[in-house]
Amino acid sequence: MTTPFSFSLGATDGQARTGAITTSRGTIRTPAFMPVGTAGTVKAVQMRDVKATGADIILGNTYHLMLRPTAERVARFGGLHKFSTWEGPILTDSGGFQVMSLSAMRKLTEEGVSFQSHIDGSKHMLTPERSIEIQCLLGADIQMQLDECPPFPISEEASLESLELSVRWAKRSKAAFEEIAGRHQALYGIVQGSVFPDQRKRSAEALQEIGFPGYSVGGLAVGEGREAMFGVLDVTTPLLPKDKPRYLMGVGKPLDLVGAVERSIDMFDCVLPTRSGRHGQAWTWDGPLNLKNAQFVDDETPLDPASDCPASRDYTKGYLNHLFRAGEYLGPMLLSWHNLDFYQRLMAAMREAIAEGRFDQFAEEFRARHRERKG
Ligand SMILES: CCCSCc1cc(N)cc2c(=O)[nH]c(N)nc12
C-alpha cells in the first residue's frame, strides 16, 4: 500500500471533463459509475462479472457492514477486498444516510447518531470517529465523512443547522482519519445545503477551509427532482476545486448522469441498475424496458447484440420474460448484469465523447433517443 491517492485531469469539453483517480488498488477512469455493493456484494452479480462490465471501483456500506457481519469480523478476514474478492478500489459511505433511511429509534445529537439495528434491534452509536474507524477496518480506499443528509423539502433554517453540523463532523472525521488511515486512503468532504444556493456556497467554502482530496455533493436525489438537482449542481460545482474529484451521491438514471457530467461531476453511484434489474427493468440506449410485459413473450431479439456482455448479447427478451414470469433466479441475475454493463458503456461513451470534443453532440443525441417514458 504505497501509491498515494491522486487525481489527474484529462480532457475538458465545456464543463464536462475526463480524469483518472490513482489509488493503491488501481486507477479509476472518470467520469465513473460505481456499482453499489451494500453488504459486500453487488447483489446477484459475481465480482468477476462486475469487473468485466468495466467497473473500476465499487461501493460498500458502513451501516450494513457494521451491523452484519461487523467491521471487526471483516477486518479479521483481511478487509472487505479479500472478504468479497473485489481487488479494485472500494469507496465506502459513512453510514449516517443509511441510519436515517433504514434504522429505527434513531437519535441525532452533536456527538453522533444513536439507533437500533433494522436487523435485530440492537443498539448502536455512530460518531464521526467510529465511522472512520469502521471504514478503516473495512480497508476502504475512498472514505466519506460522517454527515447529515437533510430531508427534502426542508426549511432554510433547518437546512442551515444541518449543514453546520455536517461541517463540524467533517472536521472530526478528518482528525480521526489522519490519526488512523494510511497515505493510500482518501477522505472526501460532503457538501450539503439542500436547494439553497447560499448554503451550498457556505458548505463548499467551509469544507475547503478544512481541506479534502475530493468532494461529494450530498443532499440530492432525495425527491427534489431532476431540474432542482441540476440547479444545485449549477451553483455548487463551480465552487469546488477543479483539480479534485467531484462525487454526486446516489445518482442516478442515465439522463441524470449525462446532465451531471455536463455540470462537471466525475463520480456516481446508484442502486438503480441492480435494483431495477432484479425487478425486470432493462436499461437500454432507447430507454428502460419492463421485460415482464406481454409484448416481450415472443421477442427473439437480445437486449443489445452489439454488447460483449453475455447477458445483453446471448439471451432473447422472450427468454428473460419467461425467467421473470417463472420467478427464476437467473432473471434478476442476468438483468442486473446487463444494466451494470449498459451503465459502464454509457460512461465509456461519455469519456470518449469528451476526449474527442463532441460531448454536446453526444448529450443531445442521447437525450433525443433515450425515452424514459412511452410516447
Ligand atoms: C452506498 C450509498 C452511497 S450514496 C448514499 C447517499 C445518497 C444520497 N442521495 C445522499 C447522501 C448524502 O447526502 N450523504 C451520504 N453520506 N450519502 C448519501
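About 2400 Å² is buried between domain 1 and domain 2 of this predicted model, and carbon and sulfur atoms give 72% of that area. Buried area here is the accessible area (1.4 Å probe) that two parts lose on being put together, summed over both. Within the share that domain 1 buries against domain 2, D13, T53 and P254 supply 24%, more than any other three residues. Domain 1 covers residues 6-269 and domain 2 covers 277-369, with bounds that come from an automatic or database domain assignment. Their C-alpha centres lie 27 Å apart, and the contact takes 31 residues from domain 1 and 25 residues from domain 2; contact means heavy atoms within 4.5 Å.

The model being predicted, local features need pLDDT of at least 70 and side-chain atom pairs count only at pLDDT 80 or more, while totals for chains, interfaces and linings use all residues. Residues are numbered from 1 along each chain as its sequence is written, and side-chain values use heavy atoms, with hydrogens and water left out.

The largest pocket has a volume of about 990 Å³. Of the 44 residues that line this pocket, F97, G250, D269, C270 and V271 are the closest to its centre. Two or more lining residues come from each of β5 (58-61), α5 (96-102), α9 (226-236), β14 (267-270) and α11 (272-278). A pocket is defined on a 1 Å grid over the protein atoms alone, as an open set of points where a 1.4 Å probe fits, with protein on both sides within 12 Å along at least five of seven lines; lining residues have an atom within 4 Å of a point. Grid points are joined across faces, edges and corners, and the volume is the space filled by probe spheres set on the points. The helices (H or I, at least four residues) and strands (E, at least two) are DSSP runs, numbered from the N terminus.

Helix α6 spans residues 128-138, where P128, S131, I132, I134, Q135, C136 and L138 are buried, that is, under 20% relative accessible area, against over 50% for exposed and in between for partly exposed (1.4 Å probe, protein chains only). After α6 comes G139, with a positive phi near 85°. Strand β10 (residues 142-144) holds Q143, which counts as buried because its relative accessibility is 0%. Beyond its neighbours within four places in sequence, Q143 is in contact with T92, I132, Q135, C136, F177, Q185, A186, L187 and Y188.

K123, in strand β9 (residues 123-126), counts as exposed because its relative accessibility is 69%. Not counting residues up to four places away in sequence, K123 touches F115 and Q116. The C-alpha atoms of K123 and Q15 are separated by 45 Å.

Several backbone details are also worth a look. The peptide bond from F152 to P153 is cis, with omega near -5°, and P153 sits in the loop between β10 and α7 (156-180). Another cis peptide bond runs from V251 to G252, with omega near 15°; G252 lies in the loop between β13 (246-248) and α10 (254-261). A44 is not a glycine, yet has a positive phi of about 70°, and is found in the loop between β4 (32-35) and α1 (47-52). S264, also a residue other than glycine, has a positive phi near 60° and lies in the loop between α10 and β14.
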